[in-house]
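Biologist: I would like to learn how to read single features out of a model of this kind. Could we take them one at a time?

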Amino acid sequence: MSATLSRGSLQPGQQKLAEKFTILNDRGIGMLTRVYNIKKACGDPKAKPSYLIDKNLESAVKFIVRKFPAVETRNNNQQLAQLQKEKSEILKNLALYYFTFVDVMEFKDHVCELLNTIDACQVFFDITVNFDLTKNYLDLVVTYTNLMMLLSRIEERKAIIGLYNYAHEMTHGSSDREYPRLGQMIVDYENPLKKMMEEFVPHGKSLSDALLSLQMVYPRRNLSADQWRNAQLLSLISAPSTMLNPAQSDTVSYLGFILCHGVLNSDQAALSLWKLALQSSTCLCLFRDEVFHIHKAAEDLFINIRGYNKRVNDIKECKEQALSHAGLMHRERRKFLRSALKELATVLSDQPGLLGPKALFVFMALSFARDEIIWLLRHADNIQKKSTDDFIDKHIAELIFYMEELRAHVRKYGPVMQRYYVQYLSGFDAVVLNELVQNLSVCPEDESIIMSSFVNTMTSLGVKQGIQPNTACHSYYRNIINNKQFLIETVVDNTVQSILFFYSRAFEKMFQQCLELPSQSRHSISFPLLCTHFMSCTHELCPEERHHIGDRSLSLCNMFLDEMAKQARNLITDICTEQCTLSDQLLPKHCAKTISQAVNKKSKKQTGKKGEPEREKPGVESMRKNRLLVTNLDKLHTALSELCFSINYVPNMVIWEHTFTPREYLTSHLEIRFTKSIVGMTMYNQATQEIAKPSELLTSVRAYMTVLQSIENYVQIDITRVFNNVLLQQTQHLDSHGEPTITSLYTNWYLETLLRQVSNGHIAYFPAMKAFVNLPTENELTFNAEEYSDISEMRSLSELLGPYGMKFLSESLMWHISSQVAELKKLVVDNVEVLTQMRTSFDKPGEMAALFKKLSSVDSVLKRMTIIGVILSFRSLAQEALRDVLSCHIPFLVSSVEDFKDHIPRETDMKVAMNVYELSSAAGLPCEIDPALVVALSSQKSENISPEEEYKIACLLMVFVAVSMPTLASNVMSQYSPAIEGHCNNIHCLAKAINQIAAALFTIHKGSIEDRLKEFLALASSSLLKIGQETDKTTTRNRESVYLLLDMIVQESPFLTMDLLESCFPYVLLRNAYHAVYKQSVPSST
């Protein structure tokens, strides 16, 4: 020991022990962090320094380790040759590792110097007298010991230090100046505990005094849960010194008495404390997730010391005690703390003013809970007994949750606590301190001045002004009072479970167990909240780990919130499924059986036969005879409310400058699931072309939406935004993920399945029913067309698809029409000369008959026009349904649009008129000229055909249709049915096709729609009048039914009148035709 450390020359008051303790403890944690990261890097093949696994350097590394710490470079040129090539890179890449070990050595020197100073000054340590000083002293001993033990666990330490020094020797011609001492330290601390036992022999008195002062504190912290409960531990405030005792008291007691083991044989109190520490744990924490097994370590040390057989037996007894009872004891403690912290959090949330007088009480609760969680983590990964039940705690989330709640209270109401203690200091402590100062019998003058200054400052202290004097003695107290908030932050941050970051597997398992247990899911938010604390475990001496911990914190928080949202989404989906099933029971299709049973009930009783069991009516599930009866729906709602409480607990959380919003996770998952559910509920089967009826899908969607709306009762989310995002996407062809929507599915089904069967003659359009109906055929269809196309179904379809979806449906229909028109134009071009002659010869019957025989593809023209008419009839149904739906939702807007359409002046420019028609069509209103059809036909590209030719082809197309109509009379299926107000082969749809196609074509080619329709009517009338003179019954079998087409065309057209028809075709023929078809439809009565 140097002369400056002699007892005579040292003045304890000038040694600044408190400052040195603070600095060294902080630096010790920093060194532990750096050494820990080196150990982890060396244990990971990916992060390990490449020189340690390089095959070329393998022999050199073995040689260096074998000779360590000696340095021999002259006689081993062959083994060190490769090292010579890479010396500069080794110096560069291993410098951080090497100088970390140098820093450890310097830290050791400073600690040893301080310990020697303490012994020389004969500092008195007693936790109940000078709490801060004693605590910092014990913390430093523990940190120092842990550091040296952790250092000894780095297996590659000799290789790293040796490699660096050899590279330094080869580069600079000499070893690094720190190497001799560093190498010797590494060798000395091969067995760190044994070395430190020898090292602490001179410090035994100070250390034993500090440890023995714990005998009034430590046993109280290690009582059983029943003893805590009987003593009402967390409902009373004990002496302040017992509230802020060291965080790792097990480590202090165990390591302290190991280092000064001599006192164990001489002092019974010391032995009792040591045995208590051995009985409460099987392993202790060195740093983060690095632990060591205390019983084996102590036994290995004492077994070689003479006279310590009793201590070895004590260790074995304590080990058995710890293995058999420690797990159960700590489990019961956690159980007690859960209820205690819950009560405490509830009271403080209602009366936050109690945080002032009960602050130490809160900190003690947080400290106890933290210690129990750390104990569980430490031992769950290092279980030494077969039974693991005591080390699996499915309710740990609840304890963490209440810790977070208390922490939030302290942060929120920090000013309340600060105000209370400022007033307490001036109103109580100042008075007591003044009495003590006055009663001091012997007090040096300088100390008397300081004490008087304390009293005066505290007496004059007010809430608003704080403490402002600048003298040295006042600055100490100013830090205590004005930085009370800092003290609060420090104590609270010490209670966060940042250590959980290093037990990631256990941490994730706790989270999964929390979600699996419905009663614990309300506390699942505590796991993402813990991620906000992980950055606090970093240290400024090891900045390189900030990115790793930050990124891992972000990924963990993201995973937890995502899993919580998924769990909530699954529960909501299950509830929706149940509700959809209940809604399905109310569909009209299910009432037929009930009505049938009611009608037949009386007759069944008379026959005496046992009838079928009565079907349960909807609503039976709501009738309860016993309150204890819990249905599946009840369980789902309970689980959902618990989980939603957790999701709604905090609006957002910040981690490493990233903000997480739990509710947005739920919203996102609900949008995705709602989208998939809507598409899934269509039950579309591409193979069989089956699909759900629109009305049934609408019922299911509404039931789904009702459940989703109820989520707003649990979580503060905007469910309307979910509806808007999802349902608007469903009105488009593809959603935001490129997946098909209900719009594309239904559009495809109606076009490819229903309308294709109409074209094949299996389905007919019945104007009287405003629906498509199946016709009796040999091969029955797999679906009933009426159930998909009547008014209620089309309205349901309009509700589902909305105006955007119906517009897409219309555009798809128009695309099919345009393809048919393109084919019709080709047929016209093939017959252009004949049609041109027929157009001018309609008043010459003989010539017309001869020309007609020259026409080709007459049936094809009529068939394609009929298909166009069918498609337009379906579109008319869809438009009418859309108008009805919009009239319910937006009646005032629809009436305004209708007013626009009805009052377009005749002289209005066609482009302006078409804009109005487009608006009207989007609202489902019928228009004289269909804008969608105009757009579809305008998009047809004509190659090498002039506009005049196009116009001529359009005119001749109308001529072709007009002169072909008489051939319909020979078709058996052309008979008109008054019951359906149409023909079974759908030729009644020609009326709509002719009018709409003519209006669109002559709008495009800027011709007169009225003149061209008059021409068509003249040609058609002339052609049909000729078949009245035919005598062949086969040719004229349905002549009257075909006559009615002229009336239908005029009735459908906004451009033709009955007067015009009368001038071309005698009305008496129409009247007789109607009479004939009605008479033919009524069976003759006998």
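Biologist: Which residues of α38 are exposed on its other side?

Modeller: This is a predicted model, and in it Lys911 and Asn915 are the exposed residues on that side of α38. An α-helix has 3.6 residues a turn, so residues three or four places apart point the same way.

Biologist: Which residues of α38 are buried?

Modeller: They are Ala913, Met914, Val916, Tyr917, Ser920 and Ser921. Seen down the axis of α38, these buried residues fall within an arc of 160 degrees, so they line one face of the helix.

Biologist: What covers the buried residues of α38?

Modeller: The cover includes the helices α36 (858-889), α37 (891-902), α39 (931-938) and α41 (990-1004).

Biologist: How far does α38 reach from its first C-alpha to its last?

Modeller: The helix spans residues 910-922, 13 residues in total, and reaches 18 Å, close to the 18 Å expected at 1.5 Å a residue.

Biologist: What is found at the start of α38, and what follows the helix?

Modeller: At the start, a side-chain oxygen of Asp909 comes to within 3.1 Å of the backbone nitrogen of Lys911. After the helix comes Gly924, with a positive phi near 90 degrees.

Biologist: Now backbone angles. Which residues other than glycine have a positive phi?

Modeller: The general idea comes before the cases. Most residues other than glycine have a negative phi, and most peptide bonds are trans. Ser857 is one of the exceptions, with phi near 65 degrees. Ser857 sits in the loop between α35 (845-854) and α36, and its relative accessible area of 34% makes it partly exposed. Glu981 is another residue with positive phi, near 60 degrees. Glu981 belongs to the loop between β7 (976-977) and β8 (982-983), and at 42% relative accessibility it counts as partly exposed.

Biologist: Where is there a cis peptide bond?

Modeller: One joins Phe68 and Pro69, with omega about 5 degrees. Pro69 lies in the loop between α2 (58-67) and α3 (81-85).

Biologist: Let us turn to strands. In which sense do β5 and β6 pair, parallel or antiparallel?

Modeller: Antiparallel, over four bridges, with β6 covering residues 771-774.

Biologist: Are the faces of strand β5 covered or uncovered?

Modeller: Both are covered in β5 (residues 763-766). Ile763 and Tyr765 are buried on one side, and Ala764 and Phe766 are buried on the other.

Biologist: How many residues lie between the strands in the hairpin of β1 and β2?

Modeller: Two, and in that hairpin Arg288 has a positive phi near 55 degrees. Strands β1 (residues 283-287) and β2 (residues 290-293) pair in the antiparallel sense over four bridges, and the bridge partner of Leu284 in β2 is Phe292.

Biologist: Is Gln820 buried or exposed?

Modeller: Gln820 counts as buried, at 14% relative accessibility. This residue is found in helix α33 (residues 791-830). Leaving aside residues up to four places away in sequence, Gln820 touches Arg864, Ile867 and Ile868.

Biologist: What separates the C-alpha atoms of Gly738 and Asn165?

Modeller: The distance is 62 Å, for residues 573 apart along the chain. Gly738 is in the loop between α30 (719-730) and α31 (742-759), partly exposed with a relative accessible area of 42%.

Methods: Residues numbered from 1 in each chain as written. Predicted model: local features only at pLDDT ≥ 70, side-chain atom pairs only at ≥ 80, totals over all residues. Heavy atoms only, no water. Buried < 20%, exposed > 50% of the residue type's maximum accessible area, 1.4 Å probe, protein only. Pairing = 2+ DSSP bridges. Expected span 1.5 Å × (residues − 1). Arc of directions from axis to C-beta. Contact = heavy atoms within 4.5 Å. Polar contact = N/O pair within 3.5 Å; in protein donor to acceptor, adjacent residues only side chain to side chain.
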